[in-house]
Amino acid sequence: MANLLDLPVEVFQMITHDLVSSAIGNVTVPYQKSRINDVWKLRAVCRTFAAEIERNVFSQQPKESYYDCYVLRRLVMKRLPQYMMQVKRVPGNINEDFQARLQRMTSYILQKLDIKDEKQRADLMEKFYLCLGRIIDEYRLRHALWCNCGPSCFHVNQNQQNTELCVQDRFCSALMVEAHDVLAGVLAELSSTERDTFFGVLPFYIARTLGDTKSIDIILRYLETRPSPVQVALTNNDGIFCIQTIIYTTLASDSGTTAQTLLDYYKKNLPPPERHIYNGWVRSATNQRSTQNLHNLRAVLDFNPGGRTRILRETILTVCACGSHEDVQEVLKRVEDVDKGTVLNAPIFIAVRSGRIAAVQGCIQAGANVDLAVPSNIPTLHKDTITPLDVAMNRNDGYIAEVLIKAGATIPHISQWPGTRRVYKVLRKAVSERTKVKLPDLRKFQHMSLAERKDIQY
Ligand SMILES: [Zn+2]
């Protein structure tokens, strides 16, 4: 390779240019689509060569190349900062208006932070463009970069009547590079009527994507200084700081304390959410496979505006339907008496009807009585009171019956058993283990009269 570098610079550049163009120019031939990949790999040869290839791929290609070639698009998306800093502002290479908008945003923040050092400048730009790639959906970004809509482009011209940077773009710039002081300054200029943001990406979403809890904090502290109706307008579903949605997403996946912070703000400053919203949060915080985000479930279960618990029958229903046994235990820890309720709302009955072993186990671990007897709502059973096992038997749910029996549930006399295979098998096995009595098999049982069944003693 030393020989290659010995070439006069112009010749070296020409060779690289030809290499890249021939690889990109032939993309219409399917098997050659990967040639750009091969050329890209040549960057490993040496740094000069790498820089030259990158410059050729990123700065010299017309928009169409990116539309035509998937591999080229991938390269840009993977190395967005490099592309954005190298692409030449030539008509036909990039959507100029969009590029101009981004440049205004970066210039603004560089100037606000008073950054003059070249290295710091480059670092900040890199941060900005990396964030851009993370917060904006790839399809939209692709359109914004290389479309041919001109000045009418939806992604470019919203709020862009003149060259003055609108308040949303300034706010976004500060958020994207986590410039907290600038952010606090711009916040005061925002008003509730201005939902329109950069690409429709909302501030909380950007901060959350970056894991920037400080920005979320700054926004919440700012909101707290506003009169109550303004806070409500800014945080409702049409507002720029739409809080219910971000709580929902945060509860589902964040390992930190962001959900707690947001819920604390909500509790203190906003009217209590509607039941279905709260229940949606609970649903989002339950996870049947992992206990990693149990702290989020705790946060939402402890959310009690005005000191009133929000844990209702539907909360238990939700957690029994979607949660792990740890989740169920967390809810029941907050229920005064786990054995209180009817066949419709006592936790153990809800769990049994959910048909989920995890739910029943959670109840048992939380100390629920497996023999809890409540007035019956199943007329066909001819019983005044029924137990969880009765319900499981009635539902022909052998798995749940087994869990209840293992936890010590009393098994009713054989004359009360259903003649369905799965449950019968479980009950018969359990009785033979408990009493060493051999009961009739299912076929024989099915042919017995009720009187005969009642005669079986054990
Ligand atoms: Zn467009």
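Me: Is Lys-436 buried or exposed in this model?
Reply: The model is a predicted one, and in it Lys-436 sits in the loop between α27 (421–435) and α28 (442–446). Because Lys-436 has 8 C-beta neighbours inside 10 Å, it is exposed.

Me: What is the phi of Lys-436?
Reply: Most residues other than glycine have a negative phi. Lys-436 is not a glycine, and yet its phi is positive, at about 65°.

Me: Which residue in the loop between α8 (96–112) and α9 is found there with a positive phi of about 55° although it is not a glycine?
Reply: The residue in that loop, between α8 (96–112) and α9, is an aspartate, Asp-114. With 6 other C-beta atoms within 10 Å it is exposed, and the residue with the positive phi of about 55° is therefore Asp-114.

Me: Where is Gly-92 placed, and with which residues is it in contact once its neighbours within four places in sequence are left aside?
Reply: Gly-92 belongs to the loop between α7 (80–86) and α8, and with 12 C-beta neighbours inside 10 Å it counts as exposed. Gly-92 lies 31 residues from Gln-61 in sequence, while their C-alpha atoms are 8.6 Å apart in space. Leaving aside neighbours within four places in sequence, the contacts of Gly-92 are Pro-62 and Lys-63.

Me: How many C-beta neighbours does Val-319 have inside 10 Å?
Reply: Val-319 is part of helix α21 (residues 313–322), and its contacts, leaving aside neighbours within four places in sequence, are Val-282, Thr-286, Asp-327, Val-328 and Val-331. Arg-283, although 36 residues away in sequence, is 6.8 Å from Val-319, C-alpha to C-alpha. Val-319 counts as buried, and the number of its C-beta neighbours inside 10 Å is 31.

Me: Within what arc do the buried residues of α18 fall, seen down its axis?
Reply: The 12 residues of helix α18 (residues 258–269) should span 16 Å at 1.5 Å a residue, and the end C-alpha atoms are 17 Å apart, which agrees. The buried residues in α18 are Thr-258, Ala-259, Leu-262, Leu-263, Tyr-265 and Tyr-266, and what covers them includes α14 (203–210), α15 (213–224), α17 (243–253) and α20 (294–301). Seen down the axis of α18, these buried residues line one face of the helix, because they fall within an arc of 160°.

Me: Which helix gives the largest share of the side of domain 1 that touches domain 2?
Reply: The domain assignment gives domain 1 (328–410) and domain 2 (415–458), whose centres, taken over C-alpha atoms, are separated by 22 Å. In the contact between them, 6 residues of domain 1 meet 9 residues of domain 2. The largest share of the domain 1 side, 4 residues, comes from helix α26 (residues 398–406).

Me: Which residues touch the most other members of the largest nonpolar core?
Reply: Domain 1 (328–410) and domain 2 (415–458) both give residues to this core, so it lies between them. Ala-401, leaving aside neighbours within four places in sequence, is in contact with Leu-389, Ala-392, Met-393, Val-423, Val-426 and Leu-427. Of the 106 residues in the core, those that touch the most other members are Val-300, Ala-401 and Leu-404.

Terms used
Residues are numbered from 1 along each chain as its sequence is written. This is a predicted model: local features need pLDDT of at least 70, side-chain atom pairs count only at pLDDT 80 or more; totals for chains, interfaces and linings use all residues. Domain bounds come from an automatic or database domain assignment. Two residues are in contact if their C-beta atoms, placed from the backbone, lie within 7 Å. Helices (H or I, at least four residues) and strands (E, at least two) are DSSP runs, numbered from the N terminus. A nonpolar core is a set of buried Ala, Val, Leu, Ile, Met, Phe, Trp, Tyr and Cys residues joined through C-beta atoms within 7 Å. A residue is buried if 20 or more other C-beta atoms lie within 10 Å of its own, exposed if 12 or fewer, and partly exposed in between; C-beta atoms are placed from the backbone. The expected span of a helix is 1.5 Å times one less than its number of residues. The arc is that of the directions from the helix axis to the C-beta atoms.
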